[in-house]
Amino acid sequence: MDSHIPSPPTRRLSTGERENAIDRTIPLFPPAVEIDEHNYFDNNDPPEYLESMISGVQEFVKFHKYNRVVLVTSGGTTVPLENQTVRFIDNFSAGTRGATSAEYFLENGYAVIFLHRQFSLLPYSRHYSHSTNCFLDFMEEKNGKVVVDPKYQEEMLSVLRKYQTAKEQNLLLLLPFTTINQYLHTLRALSVTLQPLKSRALFYLAAAVSDFFVPLHRIPEHKIQSKAGGNKLLMNLDPVPKFLHRLVEKWAPGAMIISFKLETDSSILLSKSRQALERYSHQLVIGNLLQTRKTEVVFVEPDAPAHWIRLTPAQEAAGIDIESLIIPAIMRRHTVWIKESGNSA
Ligand code: 9Z3
């Protein structure tokens with residue numbers, strides 16, 4: 001008997017599927033206009049704590065009314081799939097860029113509002129909280145008391161002093177968010193609250209903001225159930241409105257605004273950064289690649305060639321933060337911005 005073994009069905013290569021996963025012929029999602037703002041904020045409720053949070057911010061702004069104040073956003077936003085949330089979409093950001101940058105702003109005389117993903121890295125405590133050591137490894141027991149291990153004393157004392165100065169001088173306001181909706185409501189309310197600072201307000205938008213979300217009217221109340229036999233979970237996500245243009249034009253006119261552009265493909269980083277600058281008409285886009293974000297970034301600004309900031313191998317080996325180069329470069333631009341806006345300070 002002739003045995004015929006059928007050849008296995010040809011599998012589609014996953015690379016081909018990957019290429020087709022995003023239809024790049026679809027034109028760019030346009031920046032949000034007034035009606036998009038109403039649609040979003042009227043249909044996606046603000047967090048309950050927002051009012052009390054903003055009254056704290058008003059106090060902070062009053063206290064620093066003649067100072068430079070930077071709003072640093074940091075960490076990733078989540079996209080809940082259920083209202084009583086068991087599952088959510090997240091992203092990789094731990095908040096290193098934001099927390100490190102906040103420290104350099106503080107050291108250079110800025111008051112910092114730190115809008116961060118709850119439990120992500122915080123300025124100063126970041127040196128110990130998420131390290132590969134457990135924080136208890138920085139301690140030891142001496143005569144029945146807990147003390148810092150002598151090998152960490154010097155560095156910890158220096159970090160502690162900076163942290164205490166920031167606290168004593170009321171220079172650091174920590175505001176948490178978790179979801180994309182909390183982030184957007186807080187960002188809008190904060191921007192308006194910072195308006196009295198005019199050009200002394202600086203926005204440094206380093207948070208990794210989700211591009212897609214499930215709107216409130218489509219979100220199931222309870223945990224999504226799997227059924228016997230195994231059902232697929234098909235997700236239907238809406239694009240998150242691109243509010244940066246609203247922020248520049250309406251929420252924070254007069255402030256200097258810096259956004260970050262994250263890519264993984266080096267061949268499109270510059271063009272995407274330039275495109276963001278042109279679409280939103282703000283002052284600076286800082287482009288970075290996921291793979292090299294800790295050692296190089298590119299400044300893209302109007303009427304100027306792209307400007308790379310890179311750590312040298314020696315700086316890298318010495319553990320220098322790239323933010324220690326980024327922040328002074330930003331401060332110089334902020335000084336010009338304030339002068340050109342006719343504001344003193
Ligand atoms: C950034 O590009 C930040 O530098 C990182 C920092 C998220 C890469 P880590 O927390 O990472 O230090 O590990 N942030 C902006 C990301 C973003 O969502 N940008 C939007 C985009 O790329 C524009 S607002 O489209």
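A pocket is an open set of grid points with protein on both sides within 12 Å along at least five of seven lines. The views below show a predicted model.

**View 1. The second largest pocket and the residues around its centre.** The volume of this pocket is about 390 Å³. Its lining is made up of 19 residues, and those closest to the centre are Pro 80, Asn 83, Thr 179, Asn 181 and Leu 216.

**View 2. The lining of the second largest pocket, by element and by class.** Strand 2 (79-80) and helix 7 are the elements that give two or more residues to the lining. Helix 7 provides the largest share, 3 residues. Sorted by class, the lining has 10 nonpolar, 7 polar and 2 charged residues.

**View 3. The packing of helix 3 against helix 7.** Two packed helices are described by the angle between their axes and the distance between the axes. Here helix 3 (residues 50-63) and helix 7 (residues 180-193) pack at an angle of about 30°, and their axes lie 10 Å apart. Angles under 35 degrees count as roughly parallel, and helix 3 and helix 7 are therefore roughly parallel to each other. Their crossing is right-handed.

**View 4. The residues in the contact of helix 3 with helix 7.** Helix 3 contributes Leu 50, Met 53, Ile 54, Val 57, Gln 58 and Val 61. From helix 7 come His 185, Thr 186, Ala 189, Leu 190 and Thr 193. By class, 7 residues of this contact are nonpolar and 4 are polar, with no charged residue.

Definitions and conventions: Residues numbered from 1 in each chain as written. Predicted model: local features only at pLDDT ≥ 70, side-chain atom pairs only at ≥ 80, totals over all residues. Heavy atoms only, no water. Axes fitted to C-alpha atoms, helices over the stretch in contact; angles between N-to-C directions. Helix = DSSP H or I, 4+ residues; strand = E, 2+ residues; numbered from the N terminus. Parallel < 35°, antiparallel > 145°, perpendicular 65-115°, else oblique. Left-handed = near helix turned anticlockwise from the far one by under 90°. Contact = heavy atoms within 4.5 Å. Nonpolar A, V, L, I, M, F, W, Y, C, P; charged D, E, K, R; others polar. 1 Å grid on protein atoms, 1.4 Å probe; cavity = no way out; pocket = protein on both sides within 12 Å on 5 of 7 lines; lining within 4 Å. Points joined across faces, edges and corners; volume = space filled by probe spheres on them.
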